[in-house]
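I'm opening my notebook on a structure that is new to me. I'll jot down what I look up as I go.

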Amino acid sequence: AHLDLHSTRKTAFGPTAERMAPIMNRWRDLSLGTRTAIVLVHHFRKRGNDAPTSAPGGPVLQRARGSSIIGATTRHAVGVDRGPEEHQLAISIESNHEVDTEPFVIGRRSGTDDAGRKYIRHDRVGSVRAARAAKVTAKVDPVVIEVVLRAGPAGIGKRDLRTKVRARLQENGAGARNAAIDDSADRMVQAGRIVRIGESWRAP
């Protein structure tokens, strides 16, 4: 059986709690009585194309459009959203039981195996936090090296480094916080890509 949740809609903002309550209560009783999970599929509120995708945009149930009673009755909510990179999905779990699962990223890849059969596979990439950090690292590190090398033998100080890195990133429609730029410079020093002399950086 299929039920269109929006068929019960009373206002422009979705189905009211009054109309949804009998439906959700019936599903809850059926689930508890048969000890069977009932899976409801609902969508998040629509976001603009320019909305950030590097991390989930808040609690799962707050982002799901619909009556509040849907969230109140739900035992576990699993949110699936766009990941930090293309062909990635960000997974968030919310529950009224104790859940110690940090939002994580799954990568989707497709291809053809040795037998000529097409496949789509999903692999866990890591936490959303780690995936976001990796994205920042891949974006900022090359620019930091470029700016330091262009500074020549005199090197470049922290303020100028931050300013020039941000300007360079903005040319590509990106950005970075000062802390990310400082961390990148430290990583590049440890990797031997640049050298720090006092409060400035220069080529090795």
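I started with the second largest pocket, which holds about 330 Å³ of space. Worth noting at once: this is a predicted model.

Which elements give two or more residues to the lining of that pocket? I found H4 and H6. Helix H4 gives the most, with six residues.

Next I looked up the lining itself. It has 13 residues, and Arg 132, Ala 133, Val 136, Arg 177 and Ala 180 lie nearest the centre of the pocket. Sorted by class, I get six charged, five nonpolar and two polar residues in this lining.

**The largest core**

I then went looking for nonpolar cores. The general idea I had in mind is that nonpolar side chains tend to be buried together in soluble globular proteins.

The largest nonpolar core here has 17 residues. I wrote down the ones with the most contacts inside this core: Val 140, Val 144, Val 148, Leu 161, Val 165 and Ile 181. Three helices each supply at least two residues of the core: H4 (128–150), H5 (158–171) and H6 (178–190). Helix H4 gives the most to this core too, with six residues.

What does Ile 181 touch, not counting residues up to four places away in sequence? My list reads Val 140, Val 144, Leu 161, Arg 162, Val 165, Arg 166 and Ala 176.

There is also a second, separate core of six residues, and I noted Met 20, Ala 21, Met 24 and Ile 70 among them.

Is Asp 141 buried or exposed? Its relative accessibility is 9%, so it counts as buried, the cut-off for buried being under 20%. Leaving out residues up to four places away in sequence, I see Asp 141 touching Ser 184, Arg 187 and Met 188.

**Whole chain**

Last, I stepped back to the chain as a whole. I counted six helices and nine strands. The chain has 204 residues, and buried ones make up 27% of them.

Notes
Residues are numbered from 1 along each chain as its sequence is written. This is a predicted model: local features need pLDDT of at least 70, side-chain atom pairs count only at pLDDT 80 or more; totals for chains, interfaces and linings use all residues. Side-chain values use heavy atoms; hydrogens and water are left out. A nonpolar core is a set of buried Ala, Val, Leu, Ile, Met, Phe, Trp, Tyr and Cys residues joined through side-chain atoms within 4.5 Å. Buried means under 20% relative accessible area, exposed over 50%, partly exposed in between (1.4 Å probe, protein chains only). Helices (H or I, at least four residues) and strands (E, at least two) are DSSP runs, numbered from the N terminus. Contact means heavy atoms within 4.5 Å. On a 1 Å grid over the protein atoms alone, a cavity is a set of points where a 1.4 Å probe fits but cannot get out, and a pocket is an open set with protein on both sides within 12 Å along at least five of seven lines; lining residues have an atom within 4 Å of a point. Grid points are joined across faces, edges and corners, and a volume is the space filled by probe spheres set on the points. Ala, Val, Leu, Ile, Met, Phe, Trp, Tyr, Cys and Pro count as nonpolar, Asp, Glu, Lys and Arg as charged, and the others, Gly among them, as polar.
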